[in-house]
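Let's take a walk through this model together, going from one spot to the next. Have the sequence and the 3D view open as you read.

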Amino acid sequence: MTIETILLAVALLLVASIIASTASHRLGIPALVFFLAIGMLAGSDGLGGIAFDNAWQAQSVGVVALAYILFSGGMDTDWRRIRPVLSAGLLLANVGVAVSALLVAGFVVLVLDFTPIAGLLLGAIVSSTDAAAVFSVMRTRGVRLRGDLEPLIELESGSNDPIAVFLTIGLTGLLSNPGASLIGLVPAFVMQMAIGALGGYLFGVAMTWLINRLRLRQEGLYPVLTLALVLLTYSATAELGGNGFLAVYLAGIVIGNRDFVHKRSLMRFHDGIAWLMQIGMFLVLGLLVFPSRLVPVAGAGLLVSAFLIVVARPLSVFAALALTRLGARDKLMVAWSGLRGSVPIVLATYPLLEGVANADLIFHLVFFIVLTSVVIQGSSIGFVAKLLGVQDSRQAGYRYPLEFVPEISQGSQLSELAVPRGSSLDGRSIVEIGLPRGALVVLVRRGDESIVPNGGTILEADDRLVMLADGEALASIQLRLAGEEEAAAG
């Protein structure tokens with residue numbers, strides 16, 4: 001096969017994936033389903049006839065892709081939103097994963113006659129959730145959750161991959177080396193997490209310092225620099241015995257919540273890289289799957305998937321959040337938001353590479369479980385939110401392009417704020433309301449109308465102000481509006 005033929009196939013698959021992703025907005029199904037489906041159709045069992053069965057190559061693509069996806073997810077994580085739910089999120093990411101893995105293990109041992117270690121391996125592989133899948137569905141469906149539910153789900157989904165990776169690798173090692181001890185995984189886990197957390201924080205601080213100190217004459221070199229730093233963070237941490245995935249996620253959080261040059265353009269660049277990585281990873285994983293082998297495991301896959309969705313996931317959420325103040329409805333919403341995504345499929349390649357008994361069965365079971373989870377939970381997440389009464393009644397804000405207006409400072413960002421009824425802003429012009437330094441009203445949304453304002457524009461109650469502001473100015477405006485809203489309600 002010539003290089004031109006390979007490039008043609010890659011280009012067609014990428015274009016087809018992007019076009020197909022538009023259907024996800026209409027159907028409310030995450031785009032990853034379409035990416036996987038296109039990969040399967042292009043594979044040896046499909047219309048494309050592309051022969052691909054190299055698990056090592058698929059795993060390598062998956063590892064690199066996950067590093068960039070987690071880093072981008074960390075950059076988009078607002079520390080102020082997740083700080084109030086930090087303890088609950090970490091409990092979900094660790095206790096929840098462990099309980100879910102144990103429950104799934106017990107089920108497959110009893111029903112599918114798995115050995116206990118093989119059952120734990122399957123449980124560990126399918127225990128992590130996918131934030132990208134959850135929030136892509138919520139955005140396309142216009143679903144907003146009340147209180148701290150969204151940041152809690154976001155934190156859990158972004159931070160539960162490391163423990164799932166550790167358990168999968170450790171249990172795979174136990175199956176390939178029966179003489180090893182399960183208890184021996186505990187100190188190794190503590191060591192990996194500690195080094196991963198420390199490495200992520202230090203690399204995040206170092207990234208910010210280096211980007212701000214280097215005076216690169218060519219702006220196009222900054223994206224190249226961050227690409228290299230992400231790989232450096234993952235590989236250096238892993239070489240030191242830490243968890244590389246935890247390191248890149250924490251590094252993303254650290255740098256994303258600090259000011260650095262070209263911040264908005266770099267965040268937009270890494271968002272595009274994350275999408276490219278997702279598409280490429282899902283296409284490769286789809287090529288690796290043989291649809292003909294999914295049919296024999298369909299019955300078992302449905303059983304395990306139903307148990308995971310209806311029993312294991314809810315029980316693990318209730319166990320992990322037992323000491324929190326969240327009500328039963330909130331916990332049920334968190335449980336239903338636990339969509340499985342790319343990570344379980346990538347993890348399922350580890351047993352394949354080690355030649356573990358029934359590794360092919362485990363891989364195709366995992367693939368089937370992910371598909372059913374995404375389709376069933378993804379398509380119904382809006383309905384479940386309404387049924388449980390946990391939706392936020394406020395109108396979801398429009399996500400404006402980063403290049404919409406020039407930045408005021410390195411930390412400036414676009415946010416949308418509502419003018420509450422009874423506010424001192426109602427009936428006053430923009431020049432009269434006393435905006436703090438570093439804040440600018442760039443658009444006023446009034447019903448279906450969008451107004452490009454000037455200093456004399458008169459504001460009205462229920463207007464939605466698109467503000468360009470740095471963190472300090474934005475916090476000041478939010479406190480002011482929240483106080484006026486409480487006063488009006490009182």
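This is a predicted model: local features need pLDDT of at least 70, side-chain atom pairs count only at pLDDT 80 or more; totals for chains, interfaces and linings use all residues.

**A guided tour of the model**

Q377 belongs to helix 19, the stretch covering residues 359–388. Its side chain forms a polar contact of 2.6 Å with the side chain of S373. If you set aside the neighbours within four places in sequence, the residues in contact with Q377 are I309, A335, W336, G338, L339 and T372.

Staying with helix 19 for a moment, look at the loop between helix 18 (349–354) and helix 19, where you will find N358. This residue has a phi near 65°, a positive value in a residue other than glycine. Most residues other than glycine have a negative phi. Is N358 buried or exposed? With a relative accessible area of 52%, N358 is exposed, since the label applies over 50%.

D113 sits in the loop between helix 5 (86–111) and helix 6 (116–125). Its phi is near 60°, again positive in a residue other than glycine. The relative accessibility of D113 is 68%, so D113 counts as exposed.

Now turn to helix 8, which spans residues 149–159. Here 11 of the 11 residues are buried, so the helix is largely enclosed by the rest of the structure. Among those buried residues are E150, E154 and E156, along with L149, P151 and I153.

Let's finish with a pair of helices. Helix 10 runs over residues 185–213 and helix 11 over residues 221–239, and their axes come within 10 Å. How do the two helices run relative to each other, roughly parallel or roughly antiparallel? The axes cross at roughly 160°, and an angle over 145 degrees counts as roughly antiparallel, so that is how helix 10 and helix 11 are arranged. Their crossing is right-handed.

To see where they meet, pick out I195, G196, G199, F203, M207, L210 and I211 in helix 10. On the helix 11 side, the partners are Y222, L225, T226, L229, V230, L232, T233, A236 and T237. The residues of this contact divide into 11 nonpolar, five polar and no charged.

How values were computed:
Residues are numbered from 1 along each chain as its sequence is written. Side-chain values use heavy atoms; hydrogens and water are left out. Helices (H or I, at least four residues) and strands (E, at least two) are DSSP runs, numbered from the N terminus. A polar contact is a pair of N or O atoms within 3.5 Å; within protein, one must be able to donate a hydrogen and the other to accept it, and residues adjacent in sequence count only if both atoms are side-chain atoms. Contact means heavy atoms within 4.5 Å. Axes are lines fitted to C-alpha atoms, for helices over the stretch in contact, and angles run from 0 to 180 degrees between N-to-C directions. Angles under 35 degrees count as roughly parallel, over 145 as roughly antiparallel, 65 to 115 as roughly perpendicular and the rest as oblique. A crossing is left-handed if the near helix is turned anticlockwise from the far one by less than a right angle, and right-handed if clockwise. Ala, Val, Leu, Ile, Met, Phe, Trp, Tyr, Cys and Pro count as nonpolar, Asp, Glu, Lys and Arg as charged, and the others, Gly among them, as polar. Buried means under 20% relative accessible area, exposed over 50%, partly exposed in between (1.4 Å probe, protein chains only).
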